Structure formats: C-alpha cells, structure tokens
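Work through the following exercises with the sequence and the model side by side, and try each task before you read its solution.

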Amino acid sequence: MLILMTQLDTGFGVWDPLVWLAALAVAIILGFIIRSFGVKDYKKGTDQTLPFLSGDKQENVEYIHIRASNLYWGYLDALKGYYSRLIPLHTGIVTDYLLWLFGTMAAAMIIGLLA
Amino acid sequence: MSKIVRSAADLLYPFILTFGFYIVVHGHLTAGGGFQGGAVIATGIALMFGANRYKVISQQIRGKMLRTCEAVGLIMFIIIGLCALIDGKSFLYNWLANADWLFGHPVTYGSNTGDLYTAGIIPILNIAIGIEVLGGLSLIILYMLSGVSEE
Amino acid sequence: MLANFPFIAVGIIAIAGIVTMLLRVNIIRIIMGLTLLEAAGNFLLVAIGYRHNSIAPIFTSAPEEKIRPPAEMVLPTVQAMTLTSIVIGVATLALLLSFVMAIYRDYGTLDCRSIRKLQG
Amino acid sequence: MNLDSLVKHSPALVVALPLLLAFSTPLWSRFNKQLRNIWVVAGMCMTTLLGLFMAYNVLRYGPITYVFGASDPTQTIPHDSGGIPIRIIFNVDAMSAFMVIIIAIVGLATTIYARPSELRRKGLNSFYALLMLLIAGVLGLVCTGDLFNMFVFFEISSLAGAALVAYRIDKGIAVEAGLKYALISTVGGLFFLIAVALLYGQYGSLNIAVIAKMMQFTRLDRFALVFITVPLAMKAGAVPMHMWTPDAYSRAPSSITAFLVVSSQASLYALFRILFTLYNVTLDCRTFGWIIIILGVLSMFIGVTMALPQKTVKRLMAYHAISQTGYMLLGVGVGLATLCDQDKGGAFDVCGRTAMVGGVFHIINHAMYKGLLFLTAGAVIHRTGVRNLEELGGLGHSMKLTMVFFIIGALSIAGIPPFNGFASKILIYESVFMFSPYLAIIAILVSILTLASFVKVFHSMFMGPKLPKFAEVKDAPTPMMFGMGLLAVMIVIGGLFPTIVTENIVEPAVTALTNQSAYIRTIFILP
C-alpha cells in the first residue's frame, strides 16, 4: 500500500523512491559484507591514519587543501573556445543588459508577428 | 542660502502647506487627492530644506517624525480597509457612505459645487495617503540631502 | 489622422527614451531615458481614455444632460491607472537616484562603463 | 469572525497582513527591539498559517474570488454594471494556491533565518519592513486576477527586492547590483504597463478572465503578448536576459537571495498565467511554445556552463538558479507547444501534460532546494566572512549540520534520487523525450554538469583539512538552523513522497492553468 502511495507515473514508466531506497539499503549491506572480507590491520593513532602524499610529509595545512580553481581546469581548458566567447558577453554594463532585453523583445516580436 | 531666499521661503511655506492640505482634503471632489496633496506638502518641506542649512533644518523637521508619519498613514489606510471586514463586507468597502455622520452625507444629484462631507471613507483614505506621502517624500529628500552634505 | 496624433507622440517619446537609455553612458541620463519611457506609458494610458467632446469624470460637475447614457465623460479608470503608475514612478526614481548617489560616493564615477565590478 | 468568513476574506488578509507588518515594524522598534523581532516573526507565522489555510481551502473546495470594495466579497459582477466586473478582483485558483504554499514556507524560513545574520547591522527596521513588503508584493502578484494590479505588485516586489539587494552597501558593490536590478526590472515593468494599456484599449477591461473571454489574438494582442511575456521571462531570469540575476543574487543578503528566488518564480507564474489563462489556444501554440522551449534550453545550458568557472559561492548558485529556471520553461513550454492538440491521444495527452506537471513540480522543488542552498551559503559567509571559493575550505569539521543541509540541497539540485529534484526532473526527461529526444538529452547533460559544479562547491567549502584561518568557526546559530531545517524537511518529504505533492498540489495547479474556461467561470457564474 505504501509503495503504491509513493509511485510517480511519468507516462513512460514509474518512479518509486521507497523501492529505490530499499535497493540502496541492499546495496549498502552488500557493500559492508564485501568490506568485511578485507584485511583488518588498520590501527588508530599510528602513522597509518595520516594522509599519504607521494611520500612528502604533511607540513602546511593550507598547502594541502586543493583549491576551487584547481578543479575542472581540464574541462575549462578543453572548452576554451566556448568560454572565451561566452564570458566576455557578461560585461556587467547596465546598457548591455538593456540591449539584451530590447533585442530579445524585438526578436520575439518579429517571430510573433510573422507566425 | 541668502537671507532673501530664507525669508521668501518662510513666507511661502505656510501657503504651500495650506494648499497641499486643501488638495488632500478635497481629493474626492476635485482633481487631486492624497498623493498629489502630499507631494505638494513635501515640496514645501523641500523648499525649507533647500533654503536653510541642513544642520539647522534637520533639527526642526526630524526624520523620526517623518518616519512616524509614513508608518501611521499606511497603518491608518489598512485599518480603515480592514474595518469593513467586521461587518462581513470586503476589504476597503465604503462602510461610511450614506451613514450621515463624519464624511457620510449623501451626494446631491445634478451639477453642484460638491460637499466636503460626502464620499464615506474616501476622504479619510485620502488623508491617510496624504500623511504617508508627505512623510515618505520628505524623508527621501532629507536622506538625499544628508548624503550630499557629507561631501 | 488627428485622432492618432497622441499615439504617434507616444511612439516618438518611447523611442526617444529607449535610444537615450541605450546610447548614453552617464547613469543619470539613462535614468532620464527611463522617465521618458515612463512618460510614454502614462501618455498612452491617458490617450486611450480620451473621448472627443467629453467632460472630466467628476460626478457633481456634470451637467444634467450628460449624466444620462450615453455618458460623455472621459474614462476615469485609465486616469487612476496613470496616477498609480506615476506614484510608482516617483518611488522608482527616488530609489534609483539614491543608488546613484551611493555609487558615486564609493566609485567616484557616473559612467556606466566603469560601474562593472560585478561581471563574468 | 468565524472560520467561514476567514476563508472568504483570506485572499485580502493574506496580502494585508504582511503589509500591516511592514508598516508597523518601525513603530514597534520605538519601544523595544526584541519586541519588534518577536512581532515580525509571529506575524510571519500568522501569514504562513493563513496562506496554507487558504491554499488548503482552494485545493479542497475550489477557487476563491475576492472582490475589493464590494458589499459582498464573492459577488464578482455587480447588479448594475451590465454584466461586467468593474472592481479589482483577486482570483485564487489551484495554481495561485500552489504559489502561495511556496511563498508561505520560504517566507517563514527566510524571516526566521534573517534575524541572526542581520543583527550586527543598523537599519534592521527598514530591512524587516522591506522584506515584508517584498512578501506582500509576491503574494499579491500570485493572487490577483487583475492585470493592472499585477503590474503594481510586480513593481512593488521589484522595488522592495532592489532595495534589499542594495541593503548591505558593501563598498558600493551591492548598490551597483541593486541599481542594475532596479533599472532593468523597471524597464520591464513599463513594457508590462504599455501592454496592459493596449489590452485595456481593446477590450475595455483589466480583469484577466474578462479579457480571456473576449480574446481574439489580433495584431495588437501579439504586441501586448510580447510586451508582457519578455519582461516576465527577464524577471524569471531566462537567458539572454539573465545577466542581472548573478549580480543581484550574489550581493544580496542570503536570506533575501533565498526569497528573491521565490520572487523570480512568481514572475514565472505570471508568465504562465498570461500564456495559459489570458491567451490559451488563441495564440499560435507551436510557435510560442517553441519560443519558450528555446528560452528554456538556452537558460539551462548557458546557466550551467557559466556556473562551472565561477569563483564566488553565491554567484555560482545564482547561475544555477538560471539553469533550473530553464527546466521549468522547458517543461511548461512543451505543454504550451502541444496545447492546441488536446484531443484524446493527442500530443498534449501523451507528453504535454506530464511535461507541465514536471515543470510546475520543479517550481516548488527549486524554491525549496535553491532556498536551502543559498541559506547554507549564507551561514558559511556569516560565520567565516569569506565568499570566495578559493579561500574557503575544511569547514566540514566545524559546521557539520550546515554541511548536511548543503548535501541535501546539492543532491536535490543535481537530481540524485531519492530527493525531490529527481522526481520532477524524471517527469521532465521522460515526457520531453517523447516530444523531442534531443531536448531531453540536453536536459540530462545539464543535470550532470550541475552535479559536477556542486561537487566543486562541496569540496572547496567543506572538504580538506581544517584550516587554521577558520579554527574559531562555529556552526550556524539556532534560528538559521531552524530556517534551513524547515526547507530541508520539505525537500526530504517531497523526495520520499512525490505523489503526495503531485496529486494534491501540482496536478490541480496544472489543470487550473490549462483549463481556461474554468478560470473564466469563476468570474462569470454561468447558470
């Protein structure tokens, strides 16, 4: 009954969060079972707990943290052509904002009158 | 400002205020009303701000008083509107019309000069708006002047 | 043709306002263009309500023969709308000009090409 | 006043109450600041309860009409008016009720949240007054059934919003954002006014139902349609008119940003109201539907790609707000494009209706999770004073509960089951796939990019070692937690029981939107 209550019909299939949660729970249990087969030699309070950075010693905490700009640089570099055109469009000048508004209005008017 | 300007402003000030209040009170009979009258009053206050030094005039016409005017006017408007709900009528229903007291006298037909004591709650709302607008607009001018005088 | 004159004027004022807003760089002039556009809107409203040879919509000032239908008064609704829009316009203008004052105090410029610390 | 008359008067009261709060706040602070805070929060609770009560009644017993200034609030057409409504009428149908629910919940959360974050600053009176004015404006915008009234509330919400954006002067930068927001929304509002004038000139009425009944879609109506819809799309943040959104959202106080999102959704509501109720099938469904779809796809894609390289946390989230608006435009646009094909087995039946349900469902989900995300960002900025993602890090050690809330919001916006974002997105994907597969593929791609950019935010805010700079940072204060918790609970409920939301709130809203004759019938009571 509860399952029927949460079923969302998409016209193509159904989506049921409770069934999904049950599947997730099964997956997590399976994961724990597999994990329990692993080697149990982790000891707290030893050097094992420290992060291992290519053999370097962890000294400066500020230095270790990976900053935001280091993420997705590959993606941004691959799409350089796209971004070098798109970002300059966001000029921050108020007349440009107005121009975009009027331009869109004019375009919509032309399409609307022709249709 | 020079003494001539100050004297002329002092002389004009009561007349502008009177004219403003006239427009506010006669809002239901002639062209005009709360906003226009309040704006006229605010021009009078703006004249005083312009003619006198900011330090002097901000002692006489205080921002706190104007802010109270603004709030009181708007609350008065809403309370009058809500009064109609007690009787089961709509918000802003003219519950005072034809009630034969205060502004509730019936309107005479035909071409006449108009009677001040007609139109029910409309004059009261006009007065409320007048109070609000004189407070609000003067406050704007006061704040802008305070910004200028800092430089 | 003469009856359409107010509407042509509305168009001219509106275009003047838009052109002012787009071509000027001083932010106060842009706001002036905005008020021109607003004036065009108000003018359009009043022009819509106008009727030839009619009187002001005040009940007690109407002559006896004009009260009976067909009433010959100009439309009062649009005038109330115009008034409302003027009030809103005043509030907008006050707000925008106070913003300009604050910006001038901190940036030291009114050129809209320089007021672009937020971009990208 | 008994319960019946409370229901009858609720549309007026729900707008009048926040207005009264707004204007009485400065008076209360004369006596006691603490009393003023309690007054505002208690009043907002009352407004929320009233709004939810009204929405419940609308959804249960049908639309409520409210005629201002009449002797009977339900009498839409006076006896002596010759069969046309002459007064300002509020017409609260299921779609309005849907928006009122959103505004009530997010409004309460932001009002509670705002107190600790603004306590250090001066001018809290005007802050509360403007916030209440903004809430009143948005509530009026969604309740009204009158075009000119809509314009007035549009302007009220724009002005109050702009003033709130500039509230923290922030060395002039916040004022710059406020100026841009105020200027562009005023220009938009003026075009709205011109369109209203054109419609009034033609049909002699301002009531949406009356105009809808007489609508012929002449050339002038086309102009009016463009003049109304483009500014509303601008206010909702559709690309290419989105540029004010990141500026305003990133510089406003966080509680305000969360509510500005709702204000944008209200403009979206107005856009849908104009398209579906005022014009409905008279307009060329395919053309205008595709215009909306293109706006939506552009918003989705450009919004999310602009979000990825952003450096400040709230600016990044603001670009996501644009991108999520695209989903709603896409879903409802597909509904509009298929609207003329309403027969049984037609395109509307097959995919249009589901797409609309998804799009409208996304509105409530977006308001909740984007509100929550902005509030968590605000909590981080409140505690650390840093908004640049480069400088943040390691906050997961100290701000644990905020991190949990952020995770809930981030997973929801990225469309990860079982949160509510997924439920609405799957409705949009599957129905749009039947309409046009390419659009669905773009939508899924955008969702992946959304996840990617929130991984970036999560990593750079909460992950990593505890930085010495933030050693003193504590978790957010309790009122902030309460505000965030309220929205988080709504997200989890919406995610686990999507059917409760769709069947009780969203489906009636979509039916109210597409069924024009039902809207007209609320004004013209047919025999």
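**Exercise 1. Which way do the residues of strand 1 of chain D point, and are they buried or exposed?**

Solution. Start with strand 1 of chain D, residues 64–67, where Ile64(D) and Tyr66(D) point one way while Thr65(D) and Val67(D) point the other way. Strands here are DSSP runs of E with at least two residues and helices are runs of H or I with at least four, both numbered from the N terminus. Next, all of these residues of strand 1 are buried, where buried means that 20 or more other C-beta atoms, placed from the backbone, lie within 10 Å of a residue's own, exposed means 12 or fewer, and partly exposed is in between. The pattern follows a general rule: in a regular strand the side chains alternate between the two faces of the sheet.

This is a predicted model, in which local features need pLDDT of at least 70 and side-chain atom pairs count only at pLDDT 80 or more, whereas totals for chains, interfaces and linings use all residues. Residues are numbered from 1 along each chain as its sequence is written, and chains are lettered from A and ligands numbered from 1 in the order in which they are written.

**Exercise 2. Find how strand 2 of chain D joins strand 1 of chain D.**

Solution. First, strand 2 covers residues 89–92 and runs antiparallel to strand 1, with 4 bridges joining them; two strands pair if DSSP finds at least two bridges between them. Then locate individual partners: Tyr66(D) is bridged to Phe90(D), and Val67(D) is bridged to Ile89(D). Finally, Ile89(D) and Asn91(D) point one way from strand 2, Phe90(D) and Val92(D) point the other way, and all are buried.

**Exercise 3. Describe chain D as a whole.**

Solution. Begin with the elements, which are 19 helices and 2 strands. The radius of gyration of chain D, taken over C-alpha atoms, is 22 Å, close to the 24 Å that the globule rule gives for 527 residues, so chain D is as compact as a globular protein of that length; the rule is 2.2 Å times the number of residues to the power 0.38. Buried residues make up 69% of the 527 residues. Of the contacts between residues at least 6 apart in sequence, 81% join residues at least 24 apart, a contact being a pair whose C-beta atoms, placed from the backbone, lie within 7 Å.

**Exercise 4. Which residues touch the most other members of the largest nonpolar core?**

Solution. A nonpolar core is a set of buried Ala, Val, Leu, Ile, Met, Phe, Trp, Tyr and Cys residues joined through C-beta atoms within 7 Å. The largest one has 297 residues, and Ile103(D), Val165(D), Leu330(D) and Leu372(D) touch the most other members. Leaving out residues up to four places away in sequence, the residues that Leu372(D) touches include Phe405(D), Met484(D) and Ile491(D).

**Exercise 5. How many residues of chain A are in contact with chain D, and what gives the most to that side?**

Solution. Here 39 residues of chain A are in contact with 52 residues of chain D. Helix 6 of chain A gives the most to this side, with 12 residues. Of the 5 pairs of chains in contact, chains A and D share the most contacts. By comparison, chain A and chain B do not touch, and their nearest C-alpha atoms are 23 Å apart.

Methods:
Two residues are in contact if their C-beta atoms, placed from the backbone, lie within 7 Å.
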